[in-house]
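I opened this notebook to keep track of what I looked up in the structure.

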Amino acid sequence: MKRSPFTRRITTVVVAVLAAAGCSAQQSGGTTGTYSLWDPYPQFDQGSEWVKMIEKCGAEAGVEIERQAYDTTDLTNKVLLAAQQGTAPNVLVVDNPVVSTMVEAGVVKSNQDTGLDASQASPNLVAAGQVDGQTYGVPIGANTLALYYNKAVLSAAGVDPASITDWASLDAALAKVVASGKKGITFSAIGTEEGSFQFLPWFWGAGAKLTELSSPEAAAAVDLWKSWLDKGYAPNSVINNTQTTSWQEFAAGEFAFTENGTWQLQNAKKAGFEYGVLAIPARTGGVAPAPTGGEFVTVPAQREPDSEKTAAKIANCLVGSDNLLATDTALTYVSAVSSVQQRQVAAQPDLQVWVDAVQAAKGRTGDGLGTKYPRISQPLWTAVQAVLTGSKSSQDALAAAQAAASSSK
Amino acid sequence: MALRRQLVAWAFLLPLLAYLLLCYAYPLLTNIDLSIRHYTVRTFVHGGAELVGLDNYATVFADPNFGNALVNTVVFTVASLVFQYALGLALAVFFARDFTLSATLRALFLVPWLLPLIVSASTWAWMLNSEAGVVNAVLGFFGAAPVDWLTSPDRSLLSVTIANIWIGVPFNLVLLYSGLKNIPGEVYEASALDGASAWQTFRHITFPVLRPVSAVTLLLGLVYTLKVFDIIWIMTRGGPSGSSATLATWSYELGFGSMLPRFGPSAAVGNVLILLAVVGGLLYARYQRHQEPA
């Protein structure tokens, strides 16, 4: 009997361990008063406009919302795992090229089923969420790529930014800048989705198609980048640059141009020099279609269909035109709705060039590509890197990329 | 009473058993299960992935990236181990002499091991940047042309290996130093009386006596280096064009690097990596068995 308190303590420990193990599975979200919303905006904390908007929309739907923010690269797998366990969030804000993956996985419901309304948003932005004639989710806003330029560097080199309308005039401008002792252009050609994202405006601007990577148009786009490296217009570091590091190179003040996105506007104002923005020119003139960035608000499938309807109400509120201006301002996005775009430009005239770029932009998963896109994008960025490092010619690299893209299931 | 004793014994065992099953057996089995099924995103979420046997392994082995990643893994691991061990041993012998400030200096050498990997890897990436890196600035000061450390397919593996060696030296230093301190002073006195030179002392006393510690150090280094991921991913993403990709980064790229995960092949590569580490462990066990009778 002497040992019994000790034994009891051991038993307690064992029970505690087993209980802890058993509890690791989370409870599933139901139709109770609390709804979950996941977004890829960890930069916004509790006091931000975005979170206030979420709370307001929850209150309008009569529920409380528990919001969780994940890093955008993390979110896809987190959602897939949660859906596997039956604990998917009620409302999911997810990067637009991932929507088709979520549809393929059967994680998100179509707008027809839930009553989510995408009719206000521009068709070129909604396209990323369309699979087999059904629309999934609503774009909350869009960002895209354009060319930022340093006004002082350009004027010292005698370049008028308005003269840059096609690849030839851009090349001529770069030649003048480099001749004046400054640096030309910086971008990101890193071996991830970011590299493909940055390459696509040139790829599409040359007239190439994602279904045919080995076309002469595609080769022309890679050769343009390669020629910039060879002539010293672009630094060798672009091969390993993320969009953030290429922005840092530009912000140092030596570069004439950087290819970068809407999200750098706030940083541009802090850069300490006068900057301008121009749309990326297509090969023979006009605005090149840049890929759309930005998220979709979607409604994941739940066990109780009633909760999907309420979730759609919350989602509709977040993208409703009354709230959209505030939401997109909070996110520094260009709105997906043209009437709201006009209000944004009225309030901030320098957004006009971004609105033009967004209107010309294309979804990466559009044109019926859907989940084929990731299998095309990876060989594409690998080929671009192979050409830029000089290890393969553009023909060989793109032929290999096309072979890899068409052989993958 | 006997039953009671048994119960108590089980009570002691259970937490450990639960821990082993939950944290080791279950993930390993799940990984094997992932690797022998054809998972799409749909079957991953809704279940019902068909069994495909070793198909994923066949896919992985037939992929041109496999040979490349395997060779890179071997080069990266062997080069890291050799240099980490050699530098660690040299420093350990140096510090074993216990001169003034040696403890302070030794503590300073530990810094690379203590820094979070994201900090050291990002710092290396900045230093080796071909455009604005400090290494090229120093080279330029001496009139050398800039070197594309991270952006040339011929040098990217070298660069990440150098960074990894720098991080691993302190680990080798600490283990080997404590091994050296356990060698009795009389042995050295005897060799000094016999007139052994410094090199002879090292060659015939220090190195042989240190062998068991060296074996453990190298085994731990092997297991650690095989699965190095963060340094390479942060510095080069395994690029350009896969030139610094190892099995670890390739497995990650397959599973998490694109918007459409390929769980099956990714798990297969992960299992190959585990097998490599197990082979290293078996070699060590064999070596130990040879040592013990002596």
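The entries below follow the order in which I looked things up.

**Entry 1, ground rules.** I am working with a predicted model, in which local features need pLDDT of at least 70 and side-chain atom pairs count only at pLDDT 80 or more, while totals for chains, interfaces and linings use all residues. Residues are numbered from 1 along each chain as its sequence is written, chains are lettered from A and ligands numbered from 1 in the order in which they are written, and side-chain values use heavy atoms, with hydrogens and water left out.

**Entry 2, the sheet of five strands.** I looked up an open sheet in chain A, where 5 strands stand in the order 2-1-3-11-6 with mixed pairing. Helices (H or I, at least four residues) and strands (E, at least two) are DSSP runs, numbered from the N terminus, and two strands pair if DSSP finds at least two bridges between them. Strand 2 (64–69) and strand 6 (138–139) of chain A each have a single partner strand, so one side of each is left without a neighbour in the sheet. Strand 3 (residues 91–95) and strand 11 (residues 295–298) of chain A run antiparallel and are joined by 4 bridges, and here I noted A:Val94 opposite A:Phe296.

Helix 13 (residues 305–319) of chain A lies across strand 1, strand 2, strand 3, strand 6 and strand 11 of chain A, and runs at about 50° to strand 1 of chain A. For such angles, axes are lines fitted to C-alpha atoms, for helices over the stretch in contact (heavy atoms within 4.5 Å), and the angles run from 0 to 180 degrees between N-to-C directions.

**Entry 4, the sheet of four strands.** I then turned to another open sheet of chain A, whose 4 strands have the order 8-9-7-10, again with mixed pairing. Its edge strands are strand 8 (183–186) and strand 10 (275–278) of chain A, each pairing on one side only, and the twist averages 20° from one strand to the next. Strand 7 (residues 145–150) and strand 9 (residues 255–261) of chain A pair in the antiparallel sense over 5 bridges, with A:Tyr149 opposite A:Phe257.

How many residues of chain B are in contact with chain A? I found 37 residues of chain B in contact with 47 residues of chain A. Across this interface the rule finds 1 salt bridge, and A:Lys183 forms a salt bridge with B:Glu131, the closest N and O atoms being 2.9 Å apart. Helix 1 of chain B gives the most to the side of chain B that touches chain A, with 9 residues.

Conventions:
Salt bridge = Lys/Arg side-chain N within 4 Å of Asp/Glu carboxyl O.
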